[in-house]
Amino acid sequence: MSFDAGPLEELAARTRFSGVVRVDRADGEPYEAAFGEADRRHHVPNTTDTRFAIASGTKAFTALTVISLIADGTLEPTTPVRSVLRGDLPLIDEGVTVEHLLAHRSGIGDYLDESQLGDENDHVLSLPVHRLASTEAYLDVLDGHPTVFPPGERFAYNNGGYVVLALIAERASGVPFADLVRQRVCEPAGMERTAFLRSDELPGDVAVGYLHPDGLRTNVLHLPVLGSGDGGIFTTVGDVVALWDAFLDGRIVAEPEVEEMLRPRSHCVEESKRYGLGFHLHETRELISLEGSDAGVSFSSTRDPSDGTTATMIANVSRSWDVAILLDELLGF
């Protein structure tokens, strides 16, 4: 059954949506469409091959990387975080394990606590963004945040926890985190267009992130110059579908690890969803989703593993959700 894109395209035109949309179904060719501009200054249009930042969608890459290190014995789910951090980040509780961080149940203080943040376009980092050019450099913003609750007590979405995971993965393996993600996630999935990129030297095929629907103000002063475990990877809608396919086919981590990652660890009542390890899970159905939101970035991708239907939206503007919401409605998600 073909996808009726009429309502979506009408909404995209009316709201001046800037980004890309892709719908994949097992019984037909994918629907892909691009809207708006990747570079407003030079009037470069977005295309279906444009690369976009996906903010917290990066957390799935981090989780898969860490799970692959668990699978090969480099780490264990029960590995105490302190055993790898040694003297760094002394306020992290000794009881916190790798699995606590993966499941957002660690209770550690968060350098970007989303429950305390204001507008996404606010300047929220406590040091100049150009200093955040490596995972080790994040120690300066991760430090000094007291424990919020005992490890395992409850779910609390935690950006800092995923940077700590990247730091642990890097130290345990001896390989820089971006290289780990490329070797253990992108290459097995065939994601040739996906990588961590510096925001101050973006290639010409990458969409610039804009703070507002109009104007030239970008997000280059709002986000780390180079991302890490909690955000900052750039990809295409095609590569996102490749990630879903490879993950669920057991080509990144094996089927037992896939099942563990999709086993619900928490029920997030306020968001009407559940959470596994690195992936959001529908409250009652078998839908799996990834989300990302930041200054100049909006990302949503949902997969129905029962039939392979996938809906993906990536935008290079803050808070650009109307199209993603309608897309899920049209597909019955």
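In the predicted model, S300 touches L290, A311, T312, M313, W321 and A324 once residues up to four places away in sequence are set aside, contact being taken as heavy atoms within 4.5 Å. S300 lies in strand β12, which covers residues 297-303; helices (H or I, at least four residues) and strands (E, at least two) are DSSP runs numbered from the N terminus. With a relative accessible area of 11%, S300 is buried, where buried means under 20% relative accessible area, exposed over 50% and partly exposed in between, for a 1.4 Å probe and protein chains only. Because the model is predicted, local features need pLDDT of at least 70 and side-chain atom pairs count only at pLDDT 80 or more, whereas totals for chains, interfaces and linings use all residues. Residues are numbered from 1 along each chain as its sequence is written, and side-chain values use heavy atoms, with hydrogens and water left out.

L326 lies in helix α10, residues 322-330, and counts as buried at 16% relative accessibility. Leaving aside neighbours within four places in sequence, L326 is in contact with P7, L8 and L11. The C-alpha atoms of L326 and R184, which are 142 residues apart along the chain, are separated by 34 Å.

Helix α2 has 14 residues and reaches 20 Å from its first C-alpha to its last, close to the 20 Å expected at 1.5 Å a residue, the expected span being 1.5 Å times one less than the number of residues. Of the 14 residues of α2, 13 are buried, so this helix is largely enclosed by the rest of the structure. α2 is followed by G73, whose phi is positive, near 85°.

Two packed helices are described by the angle between their axes and the distance between the axes. For α2 and α6 the angle is about 35°, and the axes are 10 Å apart; axes are lines fitted to C-alpha atoms, for helices over the stretch in contact, and angles run from 0 to 180 degrees between N-to-C directions. In this contact, K59, T62, A63, V66 and L69 of α2 meet N159, Y162, L165, A166, A169 and S173 of α6. These residues of the contact divide into 7 nonpolar, 3 polar and 1 charged, with Ala, Val, Leu, Ile, Met, Phe, Trp, Tyr, Cys and Pro counted as nonpolar, Asp, Glu, Lys and Arg as charged, and the others, Gly among them, as polar.

The 13 residues of helix α7 (residues 177-189) should span 18 Å at 1.5 Å a residue, and the end C-alpha atoms of α7 are 17 Å apart, which agrees. G190, which follows α7, has a positive phi near 70°.

Positive phi values also occur in residues other than glycine. A55, in the loop between β5 (52-53) and α2, has a phi near 50° and is buried, with a relative accessible area of 8%. S272, in the loop between β8 (266-268) and β9 (273-275), has a positive phi of about 55° but is partly exposed, with a relative accessible area of 42%.
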